[in-house]
Amino acid sequence: MQKYSIFSLARNALTSHKNWGEAWRNPDPKQEYDVIIIGAGGHGLATAYYLAKNHGITNVAVLEKGYLGGGNTGRNTTIVRANYLLPENELFYEHSLKLWEGLSQDLNFNVMFSQRGVINLAHTDAQVDAHQRRGNAMILNGADGVWLNKHEVKARAPLLDISDRARFPIKGGLLQPRAGTARHDAVAWGFARGADARGVDIIQNCEVTGIDIENGGVVGVQTSRGAIKAKKIGTAVAGHTGHIAAMAEMRLPIESHVLQAMVSEPVKPCLDTVVTSGATHTYISQSDKGELVMGGDLDLYNSYAQRGNFPRIEEVVASVISMFPAFSRLRLMRTWGGVMDMSMDGSPIITKTDINGFYINGGWCYGGFKATPGSGWVYAHTIANDTPHKLNEGFALNRFEHGYMIDEEGSGATPNAH
Amino acid sequence: MLEINCPYCGKRAQKEFTYAGDAGAERPNLETGTNQDWFEFVYLRNNPRGLHDELWHHSAGCRRLIKVRRDVVTHEIIDTGAPSDSLSTGAS
């Protein structure tokens with residue numbers, strides 16, 4: 001792997017940047033691997049990277065039906081945070097946040113992690129209580145959290161309407177200073193480059209069409225580029241976990257839903273933090289290009305389509321404008337959708353299964369992006385040792401059967417309500 | 001926006017409806033249902049990438065539950081009816 005540095009930049013500048021090598025190879029699939037990961041998004045590539053780096057397992061293939069990072073890794077709103085109430089979630093996401101803090105150095109690839117803080121607004125007295133309780137839980141679990149009154153919120157996001165006339169008056173906000181945003185594509189590219197350099201084969205345009213199971217254990221996969229053998233197979237396919245699990249004749253506590261995001265036209269810097277609302281479930285930040293990046297609720301009905309419907313776009317925009325009246329003059333530039341695994345308790349599933357050598361990493365609901373390094377870390381551990389890391393013991397598939405749900409919202413077995 | 005044909009009211013905009021989930025999940029018998037039956041009813045879903053039968057509540061209309069057969073990849077609505085109706089497969 002060619003190391004990126006000020007010296008390599010200067011050296012390549014001398015030849016007008018025409019001689020940079022490829023960041024990763026484009027190999028044909030071998031007949032057999034030790035481990036196959038399905039899905040070359042952030043999670044799949046991070047898993048392959050940590051399998052090689054932490055566990056010395058390098059005979060690994062990452063199979064991708066489209067192109068690398070072309071699914072939800074390239075479709076999210078790039079928010080990274082660890083502001084959860086329940087210990088299973090908070091400890092896991094805090095571990096992930098710590099990995100984010102050293103990720104650019106570890107990968108020798110700038111993932112543009114910007115710790116600009118994430119503010120979660122409270123709009124009622126009950127929300128103030130709930131947010132402060134959550135902030136205390138975060139601190140008890142080793143993360144950072146700061147309560148802001150509404151004037152302190154205003155100081156950080158001056159365009160917010162904090163008047164009593166606002167549709168949802170702002171009472172204050174829970175700030176996580178170490179949270180922020182990252183460049184989503186760079187995360188996939190950095191993990192791909194790091195995994196490839198350690199010997200992992202990343203095979204694009206290779207759709208898995210079947211999973212071969214013999215005597216209760218996996219032996220390989222069928223793909224659009226032929227059969228490939230492996231004794232361990234892990235899925236990391238975002239909204240399509242249910243589709244892959246059906247190939248292994250499993251039904252999961254998951255529904256697939258479409259979630260939309262959108263950006264405004266680019267404007268000069270006006271919002272240097274991330275603002276999320278507890279009342280309207282909207283989240284907004286400004287990209288480095290100047291676009292305001294916005295998202296809200298699911299379209300709320302089952303969907304495997306990577307596009308949504310207009311009523312949700314209207315609601316997201318209306319919610320943003322109710323908080324930031326100045327943004328009403330901006331034009332919406334682009335909208336898109338991604339397919340989410342909505343799990344029955346709103347928390348992810350990172351687990352081994354009853355099929356020997358078959359592992360599932362899914363159910364990420366709204367929040368897979370921030371988990372990328374942490375997810376890869378614990379999933380690689382789970383696959384390498386055939387036993388979960390202590391940080392994903394709670395995310396087992398059998399928790400639903402045994403009543404150990406991790407239901408952050410307390411909304412029960414209604415996937416679209418999490 | 002989806003246009004949903006309510007069997008009681010006719011074609012109406014999606015905004016009049018509230019999604020009410022998978023119509024295929026069948027509630028076990030209260031007397032004879034086992035723990036496994038209840039677990040499957042409450043938590044497990046087929047979640048197909050293709051035709052999906054689902055319930056919608058006409059919450060801003062007649063306020064009745066209706067059954068909709070919809071392709072979840074194209075969002076095309078194949079057929080609608082009362083919850084107990086058998087719907088067309090769309091193949092003709």
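Between chain B and chain A, about 2400 Å² is buried, and carbon and sulfur atoms give 50% of that. Buried area here is the accessible area, with a 1.4 Å probe, that two parts lose on being put together, summed over both. On the chain B side, B:Tyr43, B:Asn47 and B:Arg49 lose the most area to chain A, together 31% of what that side buries.

A note on the source: this is a predicted model, where local features need pLDDT of at least 70 and side-chain atom pairs count only at pLDDT 80 or more, while totals for chains, interfaces and linings use all residues. Residues are numbered from 1 along each chain as its sequence is written, chains are lettered from A in the order in which they are written, and side-chain values use heavy atoms, without hydrogens and water.

Back to the interface. Contact, meaning heavy atoms within 4.5 Å, involves 28 residues from chain A and 25 residues from chain B. There are 4 salt bridges between the chains, taking a side-chain nitrogen of Lys or Arg within 4 Å of a carboxyl oxygen of Asp or Glu. B:Arg45 forms a salt bridge with A:Glu255, with the closest N and O atoms 3.7 Å apart.

Next, the core. The largest nonpolar core has 49 residues, of which A:Leu45, A:Phe92, A:Trp100 and A:Phe191 touch the most other members. Such a core is a set of buried Ala, Val, Leu, Ile, Met, Phe, Trp, Tyr and Cys residues joined through side-chain atoms within 4.5 Å; buried means under 20% relative accessible area, with a 1.4 Å probe and protein chains only. A second, separate core of 31 residues includes A:Ile228, A:Leu252, A:Ile360 and A:Leu397.

How values were computed. Buried means under 20% relative accessible area, exposed over 50%, partly exposed in between (1.4 Å probe, protein chains only).
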